[in-house]
Amino acid sequence: MKALVSTIVEEALAAAIEAGELPLETVPAVELERPRDASHGDWASAVALRSAKEAGMNPRAIADVIVSHLSDHPDIEAVEVAGPGFINLRLSVAALARIIESARGLKGDFGKGEPKGEYVQVEFVSANPVGPMHVGHGRWAALGDALCLVMEHAGYRIQREFYLNDEGNQMNLFADSVAERYLELCGAEFDDSLIGYRGTYIIDIAQQILDAEGRKWVDVDADERRAYFRQRSYDQVLNHVKAVLERFGVRFDQWFSEHSMHVPDDEGKTEIQRSIDGLAEKGYIYDEEGALWFKSEEFGDDKNRVLMKSDGSATYFAADIAYHENKYKRGFDKVINLWGADHHGYIKRMESAVAALGYPGQLEVLLGQLVNLYRDGKLVRMSKRTGEMVTFEELIDEVGVDAARYHLVRTSSDQTLNFDIDQAKDQSSNNPVFYVQYAHARICSILRKAADARGQDDADIDALAAAVIAENSDLTLLTHDAELALMRKLSEFNEVVERAARDRAPFRLTHYAEELAALYHQFYQQCQVISDDEALSSARLALVDAVRHTLANTLGLIGITAPKKM
């Protein structure tokens, strides 16, 4: 759905161009932008400049003709020609007020875009299932989920996926580490060289196996023990990862196993082998010294890449190619991968492979920088509980889900995030998530107060709002600067959603939420909502109710609650 106010302006300009009988074969498409200086109006258009060549006229002369047919438009308060031919317009109060009706009427659908007709897969987090998630994984969980939410709201069809790296030597090292700790707990001689993973969680897993099954695995064949410990430990870590993400409000449509691509089908071929065969048929594979190479240089990579080693084992890159081919065969129009910054050098080879598979331009990779934790102004490197890294779960335990999600999303993914634990826990306006949530709770309080004055005691805020706000409220009474500023900010919500989705930038939602909350708090200080003037009170209640819905929507698109009381 396009923003109502922009639609008004577009239609008005198109009608003015047609009425002006300019020497144009067709009415040009009207493109709008927000003026950098708000004093120049609500919208600006360069349509006169873009039409000058075809019309054979000076752009200012074209703009003057267009403006002459806009002066009496009921939805436009002021219009002027600026610079070489820009048209600046300011909407009337009546036109701005319609955004209030839209926000209140659409509720959770406010700001929703028309269907884009594009099926997009977003793969994110994808932590190796050999240990607890670190705070960086938490950042990807927050960013990935917020990106999915805002893209869905903008009109994209989205699938969320977690890729499990459950194949390769790392899984054997993991199993051996747990097994060796298990044997140590059973009193056996300890072999430190077999410990590939040294976190205390390895000892915890070993202890849990001992508690559940006793010493039954002490005298078992080493390969049999490894196979069992590998699956048991993997399941335990994976279940824990799923539980933490579920607690964080992140749910995946699919958990894709890398191991599945190494399992032969009925014809004895793995999915990886079939992908390599397909590339070979296209002429993109060659043999050198017993290894199979992909001609990635033909697609702009700096060198060709090995897919199958001389010993017959597949590289990680080969598995990634098969995995991405699997994605596209599932019908996705675009694939978005969220990777850590250390994967920067891997992007070009993956883009080359996707192009060779026949899907050029359908892979998008977002890189994210590190997260630094601070407490009392000092960098936090170790957990007080374990003396090791601070896990994602520990961060949630300390600051809560809402604060963690908000602060992890608030910074652009291409910037290093400095996460201030003290600020995230602060219950004051110094904490941006508290500041925004408090604005929503304060509005709910105003609606309850208005309902109390009328003898209404319904706990449902929507019901209270409907009871205290007249259906025919005269919204043209909202002429105070603080009221107009709020309406103008509400009118931007559709654009914020669209841009955040288009640019893969959910952090913009936090900026918008803070700006809207700030304008609301200013309005609250300057305008008495409930007064003896019933008509004005009803109009102002409608305005704050529209702000309530918009704040709730914005927070919801970040995956954060909008509390009714604080």
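Author: A residue is called buried when its relative accessible area is under 20%, exposed when that area is over 50%, and partly exposed in between. Please bear in mind that this is a predicted model.

Reader: Then take D376: buried or exposed?

Author: D376 has a relative accessible area of 60%, and because the cut-off for exposed is over 50%, D376 counts as exposed.

Reader: Where is D376 placed?

Author: D376 sits in the loop between strand 13 (371-375) and strand 14 (378-380). Its phi is positive, about 55°, although D376 is not a glycine.

Reader: What about the phi of E21?

Author: E21 is not a glycine either, and its phi is positive at about 50°. E21 belongs to the loop between helix 1 and strand 1 (32-33). With a relative accessible area of 69%, E21 is exposed.

Reader: Let us step back to the whole protein. How many helices and strands are there?

Author: The secondary structure consists of 20 helices and 15 strands. The protein has 566 residues, of which 52% are buried. Along the principal axes, the C-alpha atoms fill a box of roughly 90 × 65 × 45 Å.

Reader: And what is the accessible surface of the protein?

Author: The accessible surface comes to about 25,700 Å², and carbon and sulfur atoms account for 46% of it.

Reader: What share of the contacts joins residues at least 24 apart?

Author: Among contacts between residues at least 6 apart in sequence, the share joining residues at least 24 apart is 70%.

Reader: What does F174 touch, leaving out residues up to four places away in sequence?

Author: On that basis F174 touches P129, V130, Y197, Y201, I202, I205, S233, Y234 and V237.

Reader: What comes just after helix 11?

Author: G358 comes there, with a positive phi of about 105°.

Reader: A change of topic: how many cavities of 30 Å³ or more are there?

Author: The count is one cavity. The volume of the largest cavity is about 40 Å³.

Reader: Which residues line the largest cavity?

Author: The lining is formed by P132, M133, H240, V244, T391, F392 and E393. Helix 8 (222-247) and helix 12 (392-399) are the elements that give two or more residues to this lining. By type, the lining divides into four nonpolar residues, two polar and one charged.

Reader: Next, R548: why does R548 count as buried?

Author: R548 counts as buried because its relative accessibility is 7%, and the cut-off is under 20%. R548 is found in helix 20 (residues 534-558).

Reader: What is R548 in contact with, neighbours within four places in sequence aside?

Author: R548 is in contact with H440, I443, C444, L447, I461, D462 and A465.

Reader: Finally, T7. Where does T7 lie?

Author: T7 lies in helix 1 (residues 4-19). T7 counts as partly exposed, because its relative accessibility is 22%.

Reader: What separates the C-alpha atoms of T7 and D452?

Author: Their C-alpha atoms are separated by 39 Å, and T7 and D452 are 445 residues apart along the chain.

Note on methods: Residues numbered from 1 in each chain as written. Predicted model: local features only at pLDDT ≥ 70, side-chain atom pairs only at ≥ 80, totals over all residues. Heavy atoms only, no water. Contact = heavy atoms within 4.5 Å. 1 Å grid on protein atoms, 1.4 Å probe; cavity = no way out; pocket = protein on both sides within 12 Å on 5 of 7 lines; lining within 4 Å. Points joined across faces, edges and corners; volume = space filled by probe spheres on them. Helix = DSSP H or I, 4+ residues; strand = E, 2+ residues; numbered from the N terminus. Nonpolar A, V, L, I, M, F, W, Y, C, P; charged D, E, K, R; others polar. Buried < 20%, exposed > 50% of the residue type's maximum accessible area, 1.4 Å probe, protein only. Areas by Shrake-Rupley, 256 points an atom, 1.4 Å probe, with all protein chains shown as cover.
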